[in-house]
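These are my notebook entries on a structure that I looked up. I took charges, cores and backbone angles in turn.

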Amino acid sequence: MTFRDGMARLVSIQVGVPRWNVSADGQRWRSAFFKEPVAGPVVLRSTNLDGDGQAELEVHGGPDMAVLCYAFDHYALWRDELALPEMGPGSFGENFTIAGQDESTVFIGDVYEVGDAVVQVSQPRGPCSKISKRWERPDLLRRVELTGRHGWYVRVLQEGTVEAGLELRLAERPHPDWSVRRAWLTYRLRKREKDLAAELAGCEALAAATRYELLRAVEP
C-alpha cells in the first residue's frame with residue numbers, strides 16, 4: 001500500500017496490561033506503560049483496544065482516553081538527543097504511533113476515520129512520571145514538557161477494526177484554533193491565562209474532566 005506525501009498513517013499499534021516493574025533503585029511500580037506491538041487487525045472498542053488496559057483508572061482510561069497517540073517522527077529526535085537507539089514506537093506507552101501528525105498539526109475535536117472505526121481527538125496527554133521511570137531518566141518528564149512532544153488522546157465515535165499501515169482520514173475539524181499543543185500550554189497556564197482557559201473550556205469536544213479543571217481555574 002502506498003501513501004501520499006503528507007498523509008497521516010498508523011505506523012504501529014501497541015497494547016499492554018498492568019504489571020509490576022522494578023526501577024534501578026529497587027522501587028516497585030505498577031503500570032501498563034510497557035506495550036507490545038500488535039500484528040494484524042485488532043478491535044477498537046469504546047474504551048480501549050482489545051488486549052489493552054490501565055493501572056490507575058482514576059487518571060487513565062475511560063471513553064475520553066480510549067487510545068493514546070504519539071507522533072512517529074518524535075522518536076528520531078529522542079534517539080539522537082538521549083542516545084537511546086532502542087527508543088521507537090510504543091516507547092512512550094502509546095497505543096497508536098502515527099506518522100504525518102504531531103501536537104501542532106492535530107486539533108481538539110478532529111474526527112478521523114481509520115479502518116472502519118471513527119475516532120475524535122479529546123485532549124492532550126498530560127505527561128506523567130512513568131515516562132521517566134520507564135527510561136530511568138529523571139530529566140525526561142521535564143524534557144517532554146519543554147519540547148511539547150507529549151502526545152494526545154482520542155475517544156471512539158464508532159467501534160471497528162484497525163490495523164497498522166492504515167491511513168487516518170480527516171473527516172471533521174470543529175476547532176481549528178486549538179491545536180493539541182496550544183491546548184496543553186493553555187491548560188498548564190490556566191490560572192494565569194484565564195481568558196484563554198475559558199475559551200478552551202468552551203470547546204465541546206474537549207474531554208469533560210479537562211473542561212472541568214479549566215472552569216475551576218477561571219471561577220472568581
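Is Arg143 buried, partly exposed or exposed? I find that Arg143 is partly exposed, with a relative accessible area of 29%; buried means under 20% relative accessible area, exposed over 50%, and partly exposed in between (1.4 Å probe, protein chains only).

Basis of the entries. The model is predicted, so that local features need pLDDT of at least 70 and side-chain atom pairs count only at pLDDT 80 or more, while totals for chains, interfaces and linings use all residues. Residues are numbered from 1 along each chain as its sequence is written, and side-chain values use heavy atoms, with hydrogens and water left out.

Salt bridges. I searched the whole structure and found ten salt bridges, each defined as a side-chain nitrogen of Lys or Arg within 4 Å of a carboxyl oxygen of Asp or Glu. Arg143 pairs with Asp139 (2.8 Å, N to O), and Asp139 is partly exposed at 28% relative accessibility. I noted that Arg137 joins Asp139 and Arg143 in a network of salt bridges.

I next looked up Arg173, which meets Asp110 in a salt bridge (2.8 Å, N to O). This pair links distant parts of the chain, 63 residues apart: Arg173 is in the loop between β12 (169-172) and α4, and Asp110 in the loop between β7 and β8 (111-114). Helices (H or I, at least four residues) and strands (E, at least two) are DSSP runs, numbered from the N terminus. Asp110 is buried, at 0% relative accessible area, whereas Arg173 is partly exposed at 33%.

I also recorded the bridge of Glu213 with Arg216, whose closest N and O atoms are 3.7 Å apart. Both residues lie in helix α6 (residues 208-218), three residues apart, about one turn of the helix.

Nonpolar cores. I took a core as a set of buried Ala, Val, Leu, Ile, Met, Phe, Trp, Tyr and Cys residues joined through side-chain atoms within 4.5 Å. The largest has 37 residues, and Leu44, Phe96, Trp152 and Val162 have the most contacts inside it. Helix α4 (residues 180-188) gives the largest share of this core, four residues. A second, separate core of twelve residues includes Tyr70, Met87, Phe92 and Trp135.

Backbone. Ala83 is not a glycine, yet I found a positive phi of about 55 degrees. Ala83 sits in the loop between α1 (74-82) and β7 (96-99) and is exposed at 60% relative accessibility.
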